[in-house]
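Colleague: I have not looked at this model before. Take me through it, and tell me what each term rests on.

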Amino acid sequence: MTVQAAVDVAIVGGGVVGCACAHAATQAGLRVAVFEAQRIGAGATAAGMGHLVTIDDDPAEFALACLSMRLWRAWSDWGAIERRATGTLWLAETVAQREAAHAKLARLRGAGLDADWLEPDALHAAEPRLARDLAGALRVSGDEVAYGPELAARLAAGVRAAGGRVAEMTPVASLRDDGLQLADGTRVVAGHVLLAAGCDSPRLWPARAPLPLRPRKGQLAITDRHPGYIAHALVELGYIDAAHGDADESVAFNAQPRVSGQVLLGSSRSFADTRPALDTALLARMVRRAQRFLPDIGQLQMLRCWAGFRPATPDGRPIIGRIPGGRDNQWVATGHEGLGLTTATGTASVWLDLLRGRAPAIDPAPYAPSRFAQALA
Ligand SMILES: Cc1cc2nc3c(=O)[nH]c(=O)nc-3n(C[C@H](O)[C@H](O)[C@H](O)COP(=O)(O)OP(=O)(O)OC[C@H]3O[C@@H](n4cnc5c(N)ncnc54)[C@H](O)[C@@H]3O)c2cc1C
């Protein structure tokens, strides 16, 4: 059996979460090794829409998203990545949604975010292709769109540049008390191990009770290039209900202008369908929903459609912290569902502070793995 030189932290999974954690640990002076079964960013990270969005409906998720956005902006590569400062328009279809949006507006402003309300005429001026019968929109100016795989790849490049190791096509077989074991039998000795394998985390979960994580399928479609077709990330206000509900299947309108000029359309959520193949009936529902908000969208050619899986927890919050019932040096960071591209940097910050025995910038309790104590006992 081969034994690899010791590192301070060995990380399982090179998605955006594993790479953000590796990057933060490397910057803090720790010796880090990342092991990725495929290519960096090939999992949920490659499938995601890349909306970096300060969703505020759950206070804990909001705190993590705000911290994450601050950290993304402080990242040395931020100025160099493919991204657009689109802001988000949360679209109200009904008077009830319009009223709810005003409570949301107050919350966002209370947290210091730049947000305002657009009446229907102002909305039409900002996005002339939107349907004329909408009840207005809440504009959040600081949100952005980015390209998920690039986020992961650049974070990984930063790890390598600082002397860390990033091993692709290197599956991990199991966590060990003193590190981990690769699928080829090699033992890696590490002071700490972090399980950040997204939807595959349950397979390596060392505790006896199962990790409460379910893959939640999502589908997206991207059009050909129409620069200027829309200017903002557009999301229907009903999206939050769809994201936080536990319906077996739902669709909510979400559209983004990409740097390329393409329009990225989302999205669906499904627990019931665990097949990687596209569900074309659901895709058609998604496109019909998009036509409700962008009546002319059917004139654009759809170039590519794909499906991916979000790692979803029972309460919709990620799981960040020590593995309950495991050894003190075994950690987990997963379960980011549909927000992991946004919240990867905040996750890394919380995890690293816990590992170093420091107080995290935000309360870590809402993400503690031990909150599923019954399930994990
Ligand atoms: C359709 C869709 C739309 C989304 N839109 C957005 C969005 O707009 N904004 C947003 O913030 N988030 C979005 N997300 C969510 C976001 O993509 C995920 O939350 C995030 O990518 C999760 O990152 P991760 O690193 O935890 O998981 P992954 O990216 O899945 O990374 C886990 C990695 O672990 C590797 N791995 C697994 N097993 C092993 C093993 N045994 N050994 C070594 N490596 C292993 C996998 O190959 C994989 O690369 C979306 C997701 C989907 C599916």
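Modeller: Start with the shell around the ligand. Helices α1 (16-27), α2 (44-47) and α10 (340-355) each supply at least two residues. So do strands β13 (214-225) and β17 (302-312). Helices are DSSP runs of H or I with at least four residues, strands are runs of E with at least two, and both are numbered from the N terminus. The model is predicted: local features need pLDDT of at least 70, side-chain atom pairs need 80 or more, and totals for chains, interfaces and linings use all residues. Residues are numbered from 1 along each chain as its sequence is written, and side-chain values use heavy atoms, without hydrogens or water.

Colleague: Which of the 37 residues around the ligand come nearest?

Modeller: Glu36, Thr45, His51, Glu337 and Thr342. A residue counts as near when one of its heavy atoms lies within 4 Å of the molecule or strand in question.

Colleague: What makes a shell residue nonpolar, polar or charged?

Modeller: Its type decides. Ala, Val, Leu, Ile, Met, Phe, Trp, Tyr, Cys and Pro are nonpolar; Asp, Glu, Lys and Arg are charged; the others, Gly among them, are polar. The shell then splits into 17 nonpolar, 16 polar and 4 charged residues.

Colleague: How much of the ligand does the protein bury?

Modeller: 95% of the 1000 Å² that the ligand exposes when taken alone. Areas use the Shrake-Rupley method with a 1.4 Å probe; for residues, only the protein chains shown count as cover.

Colleague: What makes Glu337 stand out in its backbone?

Modeller: Its phi is positive, about 45 degrees, yet Glu337 is not a glycine. Glu337 sits in the loop between β19 (330-334) and α10.

Colleague: How do you know how α3 lies relative to α10?

Modeller: From their axes, which are lines fitted to C-alpha atoms over the stretch in contact, with angles from 0 to 180 degrees between N-to-C directions. The axes of α3 (residues 59-74) and α10 come within 7 Å and cross at roughly 90 degrees. Therefore α3 is roughly perpendicular to α10. Under 35 degrees is roughly parallel, over 145 roughly antiparallel, 65 to 115 roughly perpendicular, and the rest oblique. Contact means heavy atoms within 4.5 Å. Leu64 and Trp72 of α3 are among the residues making it, as are Leu341 and Val350 of α10. This contact has 9 nonpolar, 7 polar and no charged residues.
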